[in-house]
Amino acid sequence: MKIKIRLKEILEERGISQRQLSLKMNMRPATISHLCSDSVDRVYIRTLEQICTALDITVDQLIVSVEDDEDSNS
């Protein structure tokens with residue numbers, strides 16, 4: 001099982017750019033860009049809380065578990 005941050009999808013659904021979110025949160029654009037990528041291996045809980053607050057969502061809307069391709073091919 002893998003954990004996925006759905007930030008990119010949520011921003012697309014709402015028509016919000018990564019830059020707009022970074023300005024709203026007073027956070028570096030590079031941080032938001034990294035969280036929108038598929039290569040996130042760690043993130044601060046406080047950052048997730050700030051994103052949830054800024055987008056008015058819950059953490060379970062932001063983070064989901066997905067099947068790990070390696071596990072499903074075994």
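**Close-up 1. Thr47 counts as buried, at 13% relative accessibility.** The model shown is predicted. The cut-off for buried is under 20% relative accessible area, so Thr47 with its 13% falls in that class. Thr47 is part of helix α4. Setting aside neighbours within four places in sequence, Thr47 has contacts with Met25, Met27 and Leu35.

**Close-up 2. Helix α3 has buried residues at Ile32, Leu35 and Cys36.** The helix spans residues 29–36. An α-helix has 3.6 residues a turn, so residues three or four places apart point the same way.

**Close-up 3. Several elements cover the buried residues of α3.** Among the covering elements are strand β1 (2–5) and helix α1 (7–14). Helices α2 (18–25) and α4 (45–55) also belong to this cover. One of the buried residues of α3 is Leu35. Leu35 is also in contact with Thr47, a residue of α4.

**Close-up 4. The largest pocket has a volume of about 310 Å³.** Its lining consists of 14 residues. Closest to the pocket centre are Ile3, Lys4, Ile5, Asp38 and Val40. Two elements, β1 and β2 (63–66), each give two or more residues to the lining. The largest share comes from β1, with four residues.

**Close-up 5. The lining of the largest pocket, viewed by residue class, has eight nonpolar residues.**

Key: Residues numbered from 1 in each chain as written. Predicted model: local features only at pLDDT ≥ 70, side-chain atom pairs only at ≥ 80, totals over all residues. Heavy atoms only, no water. Buried < 20%, exposed > 50% of the residue type's maximum accessible area, 1.4 Å probe, protein only. Contact = heavy atoms within 4.5 Å. 1 Å grid on protein atoms, 1.4 Å probe; cavity = no way out; pocket = protein on both sides within 12 Å on 5 of 7 lines; lining within 4 Å. Points joined across faces, edges and corners; volume = space filled by probe spheres on them. Nonpolar A, V, L, I, M, F, W, Y, C, P; charged D, E, K, R; others polar.
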